[in-house]
Structures are given as C-alpha cells and as structure tokens.
Amino acid sequence: MGVLLLSLTMPHSFPVYPVISSTVYGGHGNGIMGRNRFTVFSCANGNRQRERNLLRRREVVEHICLLKANKNISEDEEKEMLDYLYTSQYQMRGMVAISLGQISGEANEDYTHAVFMRFGSKEDLAKLYENPPYLQVMKKHVLPYCHGLMNVDYESEVEDDILHIFRKGEEYNYGVEFVLLIAFVEAAIGEAVEDALMSLQELTEEHPSLILQCTRGSNFNGKTSEEYTHGAVMRFRSSEAFEIFLSSSRYRDVWESKLQPIARKTLAIHFCVDPVGTEIM
C-alpha cells in the first residue's frame, strides 16, 4: 500500500512529489449552502460568466480525515472500508461533495488513506459527528481496520457556481486531490499567516489550466488535530498538472519565502481521483 506523505519539522525543504496511482473515490453529495466572510480561491478555465461568478462566493466547510490503516489490512477489507465511507454521503444531509482514497507515495506517520468531505455549514458538519449511520460505518467498517485517525475542519468559500460548489461535471471526475496541513508558529498567527496564505492563493489563481479549485482556512477541530493550525485542499486537473505545479519555481519561491519561515510543521499528502459508482452499501 503506497503512501506519499510529507511531514516536516523546522528546518524543512521544498516538497517535490512523484505521482503514483492508487485506489480512489470522487463524488458529490447534497445539501444547502450558506454565505461566509472567509477568503478562498477557486481556479478553472475562465470565461465571462466565470469571471462574474468569481465575484460571488458561497460558504463551505471542509472536513479532512486522515486514516492509519493496519498493516495487515486485506484488499477486500480496504475496499469495504472505502466503499462504506464513500456511500455514507447518502445518509448525511448537508454534505455536498466527497473524495477519498489511498494516499500515494512512501509512508510517514503511518497515514495511509485520506477522506475529503464538503459541507454547507458548520452546523451540517457538526451533525457528521453525531450521525448514527456514519458512526456505525466508523465503528463496524473503519476503526476495526485502522489504528489511528486525525480530523481537520475549516471554513472557506468557493465560487458561487453549482458545478464548483458540488464539484460536479466532467472536470471533477478525474484529477489529484492535494491536502496540505500546516502548524504555524504561534507568533506568526495573524497578519504573517494571512499574507502567506494569500500568496498561495494568488499563485493558484495564476494556474487555472492546472488547478480546478483550492480552499484554505483555520482549523477549528480541537479534538483530534490541535497539532495543525491551518489546512488547504487543492484539486488538480491531472497527475501531470500536479507535478508541473509542485516543481515550478513560483511555488518553490512561495514555499521558501512565505510558508517555510513561519511554519513549525507541515504535512502534505495527495491521492488520485477517478469516477466511481453510486451503489449504496
């Protein structure tokens, strides 16, 4: 089971990743969206309608769950775990998108699988942790095969367009999900962190041919992930786009001049996204 994971403590270097295919899931949920004050960036092929939409934002709440699967997990057990997690979206009102899969690359910190979920509000997300069908999925089909997990939750905004809110359409059927978690030093929290994240935002906006969408925000989940203060999720159009972006000099410059100097620790993972069925488990 391959995993690509970057976990760094200061000082740390610029991350460059090989891309290795893995079993993954990508899809969409349903729910009602609200509005928010937070800043976000969303990138894709532009036209006049798209430019108008970029001026309008819709609130979303992002949920990231990283799992540490047992070393002796079988292929059938892994498939069952991912199938149940993926189809749990049909039992949860307020979830508007989901993708998950086996992390690509070499193992670090034992994380092997990642789950990304999008909700319409913090209230919708709160229901996830109390949802009986989801709790049953975790109890019977996830935790027996894992020896640890971490959750990160943050508020953000996306382009006010149904395809990008719900991550629907042909563009979202394939690609690479890139998750970046950062623990900023306490003294930098505030203007320095906002400046660093804004630089990352501007960078992604320069590459609409590579990146479909990107969100970022401050982690408000203090139960399982106090270690990381912020999270970001980027959806790349393809493995090739992912490689081009992370090996670019502009990304290197932003990483080394803006993020690295104020980051105490970072964790970066990615997994490939392919279309899947919708059979309910």
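Author: Glu-227 is partly exposed, its relative accessible area being 34%, where buried stands for under 20%, exposed for over 50% and partly exposed for what lies between (1.4 Å probe, protein chains only). The model is a predicted one, in which local features need pLDDT of at least 70 and side-chain atom pairs count only at pLDDT 80 or more, while totals for chains, interfaces and linings use all residues. Residues are numbered from 1 along each chain as its sequence is written, and side-chain values rest on heavy atoms, with hydrogens and water left out.

Glu-227 pairs with Lys-265 in a salt bridge whose closest N and O atoms are 2.4 Å apart; the term covers a side-chain nitrogen of Lys or Arg within 4 Å of a carboxyl oxygen of Asp or Glu. Because Lys-265 belongs to strand S10 (residues 263-273) and Glu-227 to the loop between strands S8 (211-218) and S9 (230-236), the pair ties together parts 38 residues apart in sequence; helices (H or I, at least four residues) and strands (E, at least two) are DSSP runs numbered from the N terminus. Lys-265, at 12% relative accessibility, counts as buried.

Elsewhere, salt bridges with shared partners join Arg-56, Arg-58 and Asp-160 into one network. Within it, the side chains of Arg-58 and Asp-160 meet at 3.0 Å, N to O, linking strand S3 (residues 57-69) to the loop between strand S6 (146-159) and helix H5 (162-165), 102 residues apart, and both residues are buried. Arg-167 and Glu-177 form a further salt bridge at 2.8 Å, N to O, connecting the loop between H5 and strand S7 (175-184) with S7, ten residues apart, and both of these residues are buried. The structure holds twelve salt bridges.
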